[in-house]
Amino acid sequence: MALNWVRVENYEAMSRLAAERAFDAIEQRLRENHPMLLGLATGNTMLSLYKRLAGMLNGRGFDLSQLHTVNLDEYVGANGQWVSADHPLSYRGYVQKNFFSRLDLKLGMNREHIHFPDPTRPAAMDEWIRSMGGLDFQLLGIGFNGHIGFNEPMPEAAISVEAFAALPSRVVGLTELTIDTNARLTAAGDHSKVPRQAVTLGMEAILAAKEIVLLACFPQQRQPLCRLRQGRVTPELPGSYLINHPNATIIYADDQVGLEEGP
Ligand code: F6R
């Protein structure tokens, strides 16, 4: 199946549709009495989605004891460990605040089922995901430079298309653009607050997800999406790897991203 493009009016319409897609995937999997592996992204794109998804799950009252979440990434401090969950940029703190704290306790979400790649042994995450049969549903945002997770663009001269697709979960240095963007959007412009490293799920685990939904809602994401629409898979645009995925959808907010009609 080709990559699906879904144009919606604005941020709230994007968040509503994405929450419905995630909810349907969770419902189907749990109904079949299988563990559900839900891949989570963080960032400004996802804020309303998590509120809506928590509301939908609370409203339906599912038993979530079989739900596992796997976050894409977390910042890593100079000591090689996750930054503390109360660091202002921590993604562990983000999902707790924006999603898990909103879930009704009686749904039975098991705190031990909240997974993040571990910078001290990132390969363990890939092995565990593989042993569980892969991620069932992966939510993605897209960096202004086209990154997914913290898989940052690499020049074609440095890595082949295939080798980039096979990248494992690992600790990465962040690009200046990402540090700058995150400083502006989440640290009031203070570069010193943005850690220089992160641990990210690798391209391989992300691309092996059975379903991927990527969301875009900022004007700066127009350029990477326009390049993606040209249909060429390249390590210089990590998001372009969705082109060959069997079940991937890009939902974009037309009022901000404003792509022309048609792929
Ligand atoms: C976050 C992540 C990143 C973001 C991307 C967009 O877990 O992995 O790839 O999805 O940087 O971030 P926002 O939504 O803040 O524009």
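Is Tyr-241 buried or exposed? Tyr-241 is buried, at 6% relative accessible area; buried means under 20%, exposed over 50% and partly exposed in between, with a 1.4 Å probe and protein chains only. This is a predicted model, where local features need pLDDT of at least 70, side-chain atom pairs count only at pLDDT 80 or more, and totals for chains, interfaces and linings use all residues. Residues are numbered from 1 along each chain as its sequence is written, and side-chain values use heavy atoms, with hydrogens and water left out. Helices (H or I, at least four residues) and strands (E, at least two) are DSSP runs, numbered from the N terminus.

**Largest pocket**

- The largest pocket holds about 650 Å³ of space. A pocket is an open set of points on a 1 Å grid over the protein atoms alone, where a 1.4 Å probe fits, with protein on both sides within 12 Å along at least five of seven lines. Points are joined across faces, edges and corners, and the volume is the space filled by probe spheres set on them.
- Its lining counts 33 residues, each with an atom within 4 Å of a point. Thr-42, Gly-43, Asn-44, Tyr-91 and Asn-182 lie nearest the centre.
- β4 (73–76), α3 (91–98) and α6 (176–186) each supply at least two lining residues. α6 gives the most, with six.
- By class, the lining has 14 nonpolar, 17 polar and two charged residues. Ala, Val, Leu, Ile, Met, Phe, Trp, Tyr, Cys and Pro count as nonpolar, Asp, Glu, Lys and Arg as charged, and the others, Gly among them, as polar.

**Aromatic pairs**

- The structure holds ten aromatic pairs. Rings of Phe, Tyr and Trp (its six-membered ring) pair if their centres lie within 6.5 Å; planes under 30 degrees apart are stacked, over 60 edge-to-face, and the rest tilted.
- Tyr-75 and Tyr-91 are tilted, because their planes stand at 40 degrees, with ring centres 5.0 Å apart. The pair links strand β4 to helix α3, across 16 residues.
- Tyr-75 is buried at 1% relative accessibility, and Tyr-91 is buried at 12%.
- Phe-164 and Tyr-241 also form a tilted pair, 5.4 Å centre to centre with 35 degrees between the planes. Phe-164 is in helix α5 (161–165) and Tyr-241 in the loop between α8 (222–229) and β10 (248–253), so the pair ties together parts 77 residues apart in sequence. Phe-164 is buried, at 0% relative accessibility.
- One aromatic cluster is formed by Tyr-50, Tyr-94, Phe-99 and Phe-100.

**Charge over a ring**

- The charged end of Arg-229 sits over the ring of Trp-5, 5.2 Å from its centre. The test is NZ of Lys or CZ of Arg within 6 Å of the ring centre and within 35 degrees of the ring normal.

**Helix α3**

- α3 is mostly covered, with six of its eight residues buried. These are Tyr-91, Arg-92, Gly-93, Tyr-94, Val-95 and Asn-98.
- The buried residues of α3 pack against β2, α2 (47–60), β3 (67–71), β4 and α6, with contact meaning heavy atoms within 4.5 Å.

**Loop residues**

- Asn-33 lies in the loop between α1 (11–31) and β2 (36–40). Its phi is near 65 degrees, a positive value in a residue other than glycine. Asn-33 is exposed, at 59% relative accessible area.
- Pro-168 is in the loop between α5 and β7 (170–173). Pro-168 is partly exposed, at 38%.
- Beyond its neighbours within four places in sequence, Pro-168 is in contact with Asp-126 and Gly-202.
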